[in-house]
Amino acid sequence: MKNKNIKDLTKDKLQKFWNENSDYLKYTFGRKVIADVAKFKYDVHQNQNLVKEYVELNEKGTSKLRQFNRLNYGYNGLGGRLTPGVTSLYSRATLDDKDTTHDHLFGVTAVGWEVHTIIKKLFDEGRSSKFIHDYMTEQWLPDNLHLWVMVKITKDEHKKDNLARDEHTLEEKENLVHYNEAGIEVLVWD
């Protein structure tokens, strides 16, 4: 059993979701993007030791900013959730086991940090707030909706000793490497 790429599995469902919700998605995501740009501008004029303490990753690979972005973008970036009810993604095991949960396929921390990193890069390049906003909402977001998909899996499949946490790149997760390693077969309910 080898799962297909998540973009291939969700292409039609995500296109439909975007077509029906793009104004709302661009609005809610855009507010967060503009707020981040304002925070970057604020940081430029602050004590850089304080900024560093808040922003830079520590020896455990986290920071206050990374924790915040887990919530801001990872969970709430879209102003709603791409649940299995929207994406129709579920594991084969959920056909027999009703003790289930919704797994954020890419991980909310990784998604939050990815969004932050892209916005910060554009800011550091000297791009305007308008450019950053327009790029992130008009180009980046519709091409990356898959980062927020959730899959209905069993609670046993979701256990930490079965499904790796924070051990795969976003590209590996896009190719469902972590699901393949855990023996989780993803199906699309049509």
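Which element gives the most to the lining of the largest pocket? In this predicted model, local features need pLDDT of at least 70 and side-chain atom pairs count only at pLDDT 80 or more, while totals for chains, interfaces and linings use all residues. Residues are numbered from 1 along each chain as its sequence is written, and side-chain values use heavy atoms, without hydrogens and water.

The answer is β2, with 4 residues. Strands are DSSP runs of E, at least two residues; helices are runs of H or I, at least four, and numbering starts at the N terminus. A pocket is an open set of points on a 1 Å grid over the protein atoms alone, where a 1.4 Å probe fits, with protein on both sides within 12 Å along at least five of seven lines; lining residues have an atom within 4 Å of a point. The largest pocket has a volume of about 390 Å³, taken as the space filled by probe spheres set on the points, which are joined across faces, edges and corners. Its lining holds 19 residues. Asp103, His104, Gly107, Val108 and Arg165 lie nearest the centre. α3, β2 and α5 each supply at least two lining residues.

Helix α5 covers residues 108-124. Buried residues (under 20% relative accessible area, 1.4 Å probe, protein chains only) in α5 include Val108, Trp113 and His116. Just after α5, glycine 126 takes a positive phi of about 85°.

Notes. Expected span 1.5 Å × (residues − 1). Buried < 20%, exposed > 50% of the residue type's maximum accessible area, 1.4 Å probe, protein only.
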